[in-house]
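Here is a short tour of a metal site and the spaces around it. Please keep the viewer open as you read.

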Amino acid sequence: MLLAIPEVLTPAEVAAARAALDAAEWIDGRVTAGEQSAAVKQNAQLAEGSPVAQAVGEMILGGLARSPLFISAALPQRIFPPLFNRYGEGASFGVHVDNAIRAIPGTPIRLRTDLSCTLFFSEPEEYDGGELIIEDVYGPQRVKLPAGHLILYPSTSLHRVTPITRGARVASFFWLQSMIRADDQRALLFDLDQTIQRLALEKDANDPCVVSLSGIYHNLLRQWAEV
Ligand code: NI
């Protein structure tokens, strides 16, 4: 499932983050790449754990925590501390698949990358090119979202970033391990949850059908979740 999550950050948060990111020191992006992806990766990154990465990363995690749509779609178990990249003119990232397992730096914790996230910090009109192309079961999907918006997609997907021909594209990227490992089961739970929310608005949260469907949702979650 490929899903855009609008307005994870407020315009004020985006502006504050951009000021900090634009003033930060950027290093070669190949530091977090595996062997295959390092060969096709040409961009710059913030050093992991740098003060700006930590502060803006906390801001992003705060935004995600207050997004019911993100929680419903991702059912996150562990979220990797957000990383940041910058693609200037000519930069690109060729087709690759993200590493399956990531160690959280400075901790003994590892996570399985079930879902990949990109949160945009540049507005689409600030740059040409720089589209995130995700290979989906329905063919390639081209993604370029407003600043503060996030795209959530299965980490099993092949993806790439097309070359920048004007301006610069600043974004955050990270992964998460979901309580629900299988994409199809997670998509079913998401559809069910969204339908229950709509029904609760049309009827009433205590309507017998809403209560019954909520029970079914939680019982499926109980069967499938790994916590
Ligand atoms: Ni990637």
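## Nickel site and cavity

Along the sequence, the residues that donate to the nickel ion follow the spacing H-x1-D-x60-H. These donors are His96 (NE2), Asp98 (OD) and His159 (NE2), coordinating at 2.1 Å; a donor is an N, O or S atom within 2.8 Å of the metal (3.2 Å for Na, K and Ca), and sites may look incomplete since water is not among the atoms. Both histidine 96 and aspartate 98 are buried, where buried means under 20% relative accessible area, exposed over 50% and partly exposed in between (1.4 Å probe, protein chains only).

This is a predicted model, with local features needing pLDDT of at least 70, side-chain atom pairs counting only at pLDDT 80 or more, and totals for chains, interfaces and linings using all residues. Residues are numbered from 1 along each chain as its sequence is written, and side-chain values use heavy atoms, leaving out hydrogens and water.

Now for the spaces. On a 1 Å grid over the protein atoms alone, a 1.4 Å probe fits in a cavity but cannot get out, while a pocket is an open set with protein on both sides within 12 Å along at least five of seven lines; lining residues have an atom within 4 Å of a point. Points are joined across faces, edges and corners, and the volume is the space filled by probe spheres set on them.

| Space | Volume | Lining |
|---|---|---|
| Largest cavity | about 270 Å³ | 26 residues |
| Largest pocket | about 220 Å³ | 13 residues |

Phe93, His96, Asp98, His159 and Phe173 lie nearest the centre of the largest cavity.
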